[in-house]
Amino acid sequence: MNKFKTYYKNAKEELFKVIFPIKEQIRSAYLSVFIVVTVISLFLALIDGIMSLSLSSVMN
């Protein structure tokens, strides 16, 4: 039981050290991730289309 109390006390102390992001930081990070994922997805779709067209032209 003593170990549990020590663990709980240490966990609580560590949570007070955490700096949680504010709304603007979360929004900025979300927007950055969304833009990067969208750009990479479009790039991969373009490469896939080019490879598909070139492969179909070789097969025919």
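The chain holds 2 helices and 0 strands. Helices (H or I, at least four residues) and strands (E, at least two) are DSSP runs, numbered from the N terminus. This is a predicted model, in which local features need pLDDT of at least 70 and side-chain atom pairs count only at pLDDT 80 or more, while totals for chains, interfaces and linings use all residues. Residues are numbered from 1 along each chain as its sequence is written, and side-chain values use heavy atoms, with hydrogens and water left out.

**Overall shape**

The C-alpha trace spans about 75 × 30 × 10 Å along its principal axes. The radius of gyration of the chain is 25 Å, whereas a compact globule of 60 residues would have one near 10 Å. That radius is taken over C-alpha atoms, and the globule rule is 2.2 Å times the number of residues to the power 0.38.

How much of the chain counts as buried? Of its 60 residues, 0% do. Buried means under 20% relative accessible area, exposed over 50%, and partly exposed in between (1.4 Å probe, protein chains only). The chain exposes about 6200 Å², and carbon and sulfur atoms supply 72% of that area. Accessible areas come from the Shrake-Rupley method with a 1.4 Å probe; for residues, only the protein chains shown count as cover.

**Helix α1**

Helix α1 covers residues 2-17, 16 residues in all. From first C-alpha to last it reaches 23 Å, close to the 22 Å expected at 1.5 Å a residue. The expected span is 1.5 Å times one less than the number of residues. The number of buried residues in α1 is 0, so the helix lies largely in the open.

**Helix α2**

Tyr30 and Phe34 both lie in helix α2, 4 residues apart, about one turn of the helix. A search of the whole structure finds 1 aromatic pair. The ring centres of Tyr30 and Phe34 are 6.3 Å apart and the planes meet at 20°, so this pair is stacked. Rings of Phe, Tyr and Trp (its six-membered ring) pair if their centres lie within 6.5 Å; planes under 30 degrees apart are stacked, over 60 edge-to-face, and the rest tilted.

Leu44 is also in α2, which runs over residues 23-59. Gly49 and Lys17 are 32 residues apart in sequence and 49 Å apart in space, C-alpha to C-alpha.

| Residue | Relative accessibility | Class |
|---|---|---|
| Tyr30 | 57% | exposed |
| Phe34 | 48% | partly exposed |
| Leu44 | 51% | exposed |
| Gly49 | 28% | partly exposed |
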